[in-house]
Amino acid sequence: LQNMLEELIIHQPDDPIQFMINHLKQNNDDAPRICVLGPPASGKTTVALWLCKRLDAIRISQETLLFKEALGLTEEAKAYKERKEKIPNALWANLIQERLSNVDCIKQGWILEGFPENQEQAWILQSSGIIPRHVVVLYAPDTVLIERNSGKRIDPITEEVYHTTFDWPRDMLIQERLVIPEGLSEQEISKKLLEYHRNFPGIFQIYQKVLKSINADQPSMDVLSQVLTYVQTRHRSAAPFTPRIVFCGPPGSGKSLQAALLAQKYGVVNICCGQLLKEIVAGKTKLGELVKTYIDSGYPVPDKLVMKILTERLNALDCMTNGWVLHGFPKDVEQGEQLKESHFVPN
């Protein structure tokens, strides 16, 4: 629902009802929308290819847009490339928008590799309704990146990236077909690194709420594991939220203290089951008199009676409005089931 409302606000369709129907038919709210960013030789291609295999998503990069897609604007972008001119930001954004509107990207989701490169590209993508859910930024010291870059090799068939020192393939057939990518001189890589460091703060400013920086100067499986863990997390919703918290634990574990701290910090109602029973007894009502007979005789107050008292308290206006933190109940499975049957399900 939140995703659908976001799309409505971004696109502002003439027919909102039909737009929502189409959105529900696409059934793609869980499809990944990921940007993998980082300086040259940080491992963007390796991470993007691996994520595509794990998530069954579509990888989109400069190379795929220019040489593997039959898009309307491809030839125009290629012409800039052939003239050795910089492709305008707006043209890149339009290419990406055209590619992401295809059915495979809508259904399977997408991994955008190396885009956006600067703040202007990020703004154009956002204004076109292209908003990633997760932005992964790889980083490593420049000296490490320059060293990596010198040994970088690419498989022209699979597009997988290898390295003469760190990741050399065992298969002789793969070794024979590896090629040295263009623009590998130390001077060129230094120039690209300088440009990246100049542009990154602007990108960070836009995506900081969905951005995760990951150290690329560690074993590749550690990098991939951290990336996957992040892109599989759901961001906290900004929608109104009423906390319903239950603290469980053995005597002396600190339930009362933690509940008091939470109540003080977030303004939720602190409900201690034992204290609630004492307050009922002190009130000298008929219900209080009934509870008092059990307490005086040393017998536990029956669960049904406790649930009746809890139900009244949890249905009070302050609990309904501000939320609550409960401790001292439930103490066993049966009490937990009773709480659930009374529709007080902690979130």
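The legends below describe close-up views of a predicted model.

**View 1. Confidence along the predicted chain.** The mean pLDDT of the chain is 84, and 93% of the residues reach a score of at least 70. Confidence is lowest in helix H1, residues 2-11, where the mean is 70. Strand E9, residues 269-272, has the highest confidence in the chain, at 94.

**View 2. The open sheet of 5 strands.** The strands follow the order E2-E3-E1-E4-E7 and pair in parallel. Strands E2 and E7 (211-215) form the edges, each of them pairing on one side only. Direction ignored, neighbouring strands of this sheet are turned against each other by 20° on average. In general, the strands of a sheet are paired through backbone hydrogen bonds, in either a parallel or an antiparallel manner.

**View 3. Pairing of strands E4 and E7.** Strand E4, residues 134-139, is joined to E7 over 5 bridges in the parallel sense. Valine 137 has serine 213 of E7 as its bridge partner.

**View 4. Helix H3 against the sheet.** Helix H3 comprises residues 44-55 and lies across strands E1 (33-37), E2, E3 and E4. The helix runs at about 175° to E3.

**View 5. The salt bridge between arginine 59 and glutamate 113.** The side chains of these two residues meet in a salt bridge with an N to O distance of 2.6 Å. Arginine 59 belongs to strand E2 (residues 58-60) and glutamate 113 to strand E3 (residues 110-113), so that the pair links distant parts of the chain, 54 residues apart. Both arginine 59 and glutamate 113 are buried.

View 6. Glutamate 113 lies in strand E3. Is this residue, glutamate 113, buried or exposed? Its relative accessible area is 7%, and because the limit for burial is under 20%, glutamate 113 counts as buried. The side chain of glutamate 113 makes a polar contact of 2.6 Å with the side chain of arginine 59. When neighbours within four places in sequence are left aside, the residues in contact with glutamate 113 are Val36, Lys44, Thr45, Ala48, Arg59, Ile60 and Ser61.

**View 7. The salt bridge between lysine 86 and glutamate 195.** The closest N and O atoms of this salt bridge, formed by lysine 86 and glutamate 195, are 3.9 Å apart. Lysine 86 is found in the loop between helix H5 (74-82) and helix H6 (89-100), whereas glutamate 195 is found in helix H11 (residues 186-207); the pair therefore ties together parts that are 109 residues apart in sequence. Lysine 86 is exposed, with a relative accessibility of 61%. Glutamate 195 has a relative accessible area of 33% and is partly exposed.

**View 8. The salt bridge between lysine 292 and aspartate 296 within helix H15.** In this salt bridge, the closest N and O atoms of lysine 292 and aspartate 296 are 2.8 Å apart. Both residues, lysine 292 and aspartate 296, lie in helix H15 (residues 286-297), with a separation of 4 residues, or about one turn of the helix. The relative accessible area of lysine 292 is 36%, so this residue is partly exposed. Aspartate 296 is exposed, at 55%. The model has a count of 6 salt bridges, among them the one between lysine 292 and aspartate 296.

Note on methods
Residues are numbered from 1 along each chain as its sequence is written. This is a predicted model: local features need pLDDT of at least 70, side-chain atom pairs count only at pLDDT 80 or more; totals for chains, interfaces and linings use all residues. Side-chain values use heavy atoms; hydrogens and water are left out. pLDDT is the predictor's confidence in each residue, from 0 to 100. Helices (H or I, at least four residues) and strands (E, at least two) are DSSP runs, numbered from the N terminus. A salt bridge is a side-chain nitrogen of Lys or Arg within 4 Å of a carboxyl oxygen of Asp or Glu. Buried means under 20% relative accessible area, exposed over 50%, partly exposed in between (1.4 Å probe, protein chains only). A polar contact is a pair of N or O atoms within 3.5 Å; within protein, one must be able to donate a hydrogen and the other to accept it, and residues adjacent in sequence count only if both atoms are side-chain atoms. Contact means heavy atoms within 4.5 Å. Two strands pair if DSSP finds at least two bridges between them. Axes are lines fitted to C-alpha atoms, for helices over the stretch in contact, and angles run from 0 to 180 degrees between N-to-C directions.
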